[in-house]
Structures are given as structure tokens and as C-alpha cells.
Amino acid sequence: MAAVVKSDSSRPSAASEKPSEIPASNDAAEKTVSPRQWIGFFAMVLGMFLAVLDIQIVASSLEQIQAALSATQDEITWVQTAYLIAEVAIIPLSGWLGRALSMRYLFALSCGGFTVMSLLCALAWNLPSMVTFRAFQGFFGGAMIPSVFAVTYTLFPRHLQPTMTVVVAMVVTVAPTAGPVLGGYLTETASWNTMFLINLVPGTLVTIATALFLRLDEPDWALLKRIDFRGIVYIVVFLGSTEFVLEEGVREEWFDSREIVFFTLIAVTSGIAMFYRELTIEHPIVDLWAFRNRNFAIGCLFSFILGIGLYSIIFLMPTYLATVKGLNSLQIGQYIMVTGLFQFASAFIVGRIVRKLGPRLTLALGLFGFGLGTLMNGNLTHEAGYWEFFWPQALRGFCLMFCFLPINYLTFGTLPPEEVKNASGLYNLMRNLGGAIGLAVSNTLMIRLNKEHYAILREAVKPGSATTQAWLGGLQNRFSTASLQDGDLAALKQIYGLARREAEVLTINSMFQLLALVFFLALLLLPLVRIAPPASGKTGG
């Protein structure tokens, strides 16, 4: 095997672990950050916000885009799917691209391409053009996301890393929630094209700012001379096929569809080829040996779980509010914005909490609180309103930062600086894969549970039941009084609609309870995490 097995000697022993210690980067000396670098960094954060925002910005406006582009309901979902597939494919390559081009050129090129594609999305004339432009938008946007994480742990000295990590965490966790809200508002007040046009001015400014001010590293042009094209193809095909299967599987009845079976076989084959090649060649595109570091592997698993929670809840809440409560996109936005507000509030204290309790205990509180907030939404009725969602969301939003910040510390705290770029791509990939798998499983379970709950309710509403007869008679009298031609049929339809509604409520409750269980079970992973010693105690990578 030509790959060099990396030493794991940087891990501290369990005896040296102290609850109050916070892992930091492996810098031997404190750094100073110049004003130009500050400008470049915050430009990167803004660019990442745009990229994460656009993942879900079209979610509440697909109906309007569908009408404008003359697409069918099944076809229009590709406006989201194309972005996600391209983004997932490029994220693990960002580490290699960052080393080859430097963070400065990679981010400026990515943001510039993202901005141009945003303009083309606004000008799309039919569905194929929109899907193509969205795929390229996701491709350029995906490269920006892990770059910010890498810069946070290589640019800043130890004492600034907690604050900067909070800033990045807020962007990554608030943007998916804000996307559907902002998209729905712009579509209602202006047009769907505006969702893409708002990227033009900030995208242009970010491109210029990063090109001028982000001087962090130099390109390694030699890497471009030994590009592993086969590795790139394997990675793109594997992740693209996997994302396609996860996104389209529910709509295509999974393995009842030949298309899904075909792409599953492609994903499995290319995945085996990718792992073999990336683990055996001397200069891999994606260095999978980073997973030999226990903290990094566990941190990626936590990132995966956090992705499941974030994206699944963003899917479940609008589903309930739209189908059961009948709210529009603006009203739904008023509900789900609570999470973002409490995330923002917790950002001012989470750094001090981590310093006082340590990252492991803070993460335990975050996982438990997020799970509890999810469980609190597991007992809804069709009458549940704003306040039934307010406090569970407040708790989840407040605890999100208690999860995200310690996970970042624990994931990158024991990695040598030269591995951070590559590791950042893998870390962000795991969160996106968690979200994709969480959405796919949620969709599948909701369809199955809905059928089961409806079957149980249908059995309970029997023609011979006195309760059923009394209820049916009351509805028939009401509709007869309203001078409907067929009061009996209208009454039956009303009962059918009520049964479907209650089945939907029971299904949503079951999904919230399952998600809570996932976060409670994640607490079992915490004893496996090792805390990095203080920076002064490090003698090397």
C-alpha cells in the first residue's frame, strides 16, 4: 500500500483529560490577524451564508417556479435535487482544491461562479436550463462551505477560535431555516426570480473581497500536474448517484423502480472503487486516513446526526403546518423563525459555557436539550398552534449551538494543521449526507406510517358504531341544511378528510419521537471522545 499511514500520536492520554480544557488548533504559537484578513474572513462567512441559504431557498416557492417553467410536479423537484447532488459531489474535493489553488483563489472562483449561476437561474427559460444552472450553482456553492471551517482553524489564534466558530455555526445552522422563509417572502412580495437576484450584489462583493484580502496560503500548482482523474470520477459518481437515490427513491417507490436500482448499483460499484483507490494511492484526492483519528471520526458521526436533526425537522414542521393547519409560506416562516432567534441568543453565552464545563459536557447538554425539544413536539393535535411550537423550537434553537461548537472543537482539535483542509470537506460532507439520508428516511417512514395510522382510524370508524352513526348523522343534517344536493356524500367526504388529517398528525408525532430517540442515543458516543490538552502542552502535530 503506497499511502503513508499517519501517526495518531497527537492524541492525549485519558489521564491528561480535564473537563475545563477546550481543544484548539495545533498551532505552536499564537497568531495575529491583520485587518485585511478580518475582511477576507467575514467575506467568506457571507459567501458561505449565501451558499447554505440557497440549498432550501426554493423549498416554499416550487409551485410558482413550476408554473413559470411549465413543469410537472415530479419534474420541479429537480430544482432542489440538482443543487444538492452537485454540492455533495464537490464538498469532499474542496480540501484538495484548497491546497492546489489556495483558499484565496478557490473561494473567489467559487463565489464568482455561484454569483453568475444565480443570475442565470433568475433568467432560466425552461426546466432543463433551470436544472443545469442550479447544478452549477450547487457545484460552486459547495466548495465555499468547508473552506470557511478550514480557515477558522488555520487563520485564528487559539483564544479567537471559540468566537469565530460560533459565528460560523450560526451561519450554517440558521441559513437552512431562513432559506424557505426568505424564499417564500420574496416570492409572495415580488417574484420567484428575486430569490436568485438577491445573490448578485453580495456575491460580487464577496468575490472581490476574498480575492483582494484573503492572503492565508499559497497555491501548490504541483498538485495540478498529478491530478487523479480516476479518483475524481469515482468520488463524483459515487456521491452523485447516492444523493440521487436518496432524493428520488421515495417518489419512485425505491427498488420498484429500475432507475433507482440502476443508480444504486452505480453508487455501490463506484463507492468500492473510490475507497480502494483513495486508500491505496500515494496522493489521494480525498485523504480518508483522517478517519483514523478517533476524535475526527466521532465528530463526523455527530455531524451526521446533527444533519439528520436539522434537515428532518425543517421538513417535518412545514409539512404539518401546511397540510394540517393550512398555512401559507409566510405564516410558516413566522413559526419556524423562532429556532433561528434562539440560536442567535445562545451564541452570546455558549463560548463561556464550553470554557466552564468543557466541550464534552456541553455537547451532552446540547444533544439532550435538542432531543427533549424534539420530544416536546411529539404529542401534537390538529389544534396545536403557535405556542405549542414556540417553546420546543426555543429549546432546540438554544441547544443547537451547544451541539455545534463542541462538535467543531472535538472534530478538529487533535488534527495537525496540514490535515484541516481535507478534514473540513469530509466533516461538512457528513452533515449533508446526514441531512439527505434523514430526509429520505423521513419521507419513506411518513408514507408508511401514514398508511398504518389511517388504516387503524378507518377500522375504528365502523358503520355499525353508534358513535360513527351519530357523527355521520350530524354531518348529514348540517349539509342538508346548507342545501347541498348530496349531503350523504359530503358527510362521508368530511369524515374521510378528518381521518386523513388525524393520520397525518399521528405520523408527524411518531417522526418527532423517533428523531428525539436518535439524539438521546447519540449521548452514548460521548465516552468515546478524547479531549485535547491545552495548546501549551502540545509538542507537535
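**Aromatic pairs**

Tutor: The structure holds 23 aromatic pairs. Rings of Phe, Tyr and Trp (its six-membered ring) pair if their centres lie within 6.5 Å; planes under 30 degrees apart count as stacked, over 60 as edge-to-face and the rest as tilted. In Phe139 and Phe140 the ring centres are 5.8 Å apart and the planes stand at 85°, so this pair is edge-to-face. This is a predicted model, in which local features need pLDDT of at least 70 and side-chain atom pairs count only at pLDDT 80 or more, while totals for chains, interfaces and linings use all residues. Residues are numbered from 1 along each chain as its sequence is written, and side-chain values use heavy atoms, with hydrogens and water left out.

Student: What kind of pair do Phe244 and Phe263 form?

Tutor: A pair of aromatic rings is described by the distance of the centres and the angle of the planes. For Phe244 and Phe263 these are 4.5 Å and 50°, and the pair is tilted. Phe244 lies in helix H11 (residues 229-248) and Phe263 in helix H12 (residues 258-280), 19 residues apart, and the pair links distant parts of the chain. Helices (H or I, at least four residues) are DSSP runs, numbered from the N terminus. Phe244 is buried at 6% relative accessibility, and Phe263 is partly exposed at 26%.

Student: Which residues form an aromatic cluster?

Tutor: One cluster is formed by Tyr320, Tyr335, Phe342, Tyr386, Trp387, Phe389, Phe390 and Trp391.

Student: Where does the charged end of Arg500 sit?

Tutor: A charge sits over a ring if NZ of Lys or CZ of Arg is within 6 Å of the ring centre and within 35 degrees of the ring normal. The charged end of Arg500 sits over the ring of Tyr454, 4.6 Å from its centre.

Student: How many residues of helix H4 are buried?

Tutor: In H4, 12 of the 13 residues are buried, so the helix is largely enclosed by the rest of the structure. Among them are Val79, Tyr83 and Glu87. The expected span of a helix is 1.5 Å times one less than its number of residues. Helix H4 (residues 78-90) reaches 18 Å from its first C-alpha to its last, close to the 18 Å expected.

Terms used:
Helix = DSSP H or I, 4+ residues; strand = E, 2+ residues; numbered from the N terminus. Buried < 20%, exposed > 50% of the residue type's maximum accessible area, 1.4 Å probe, protein only.
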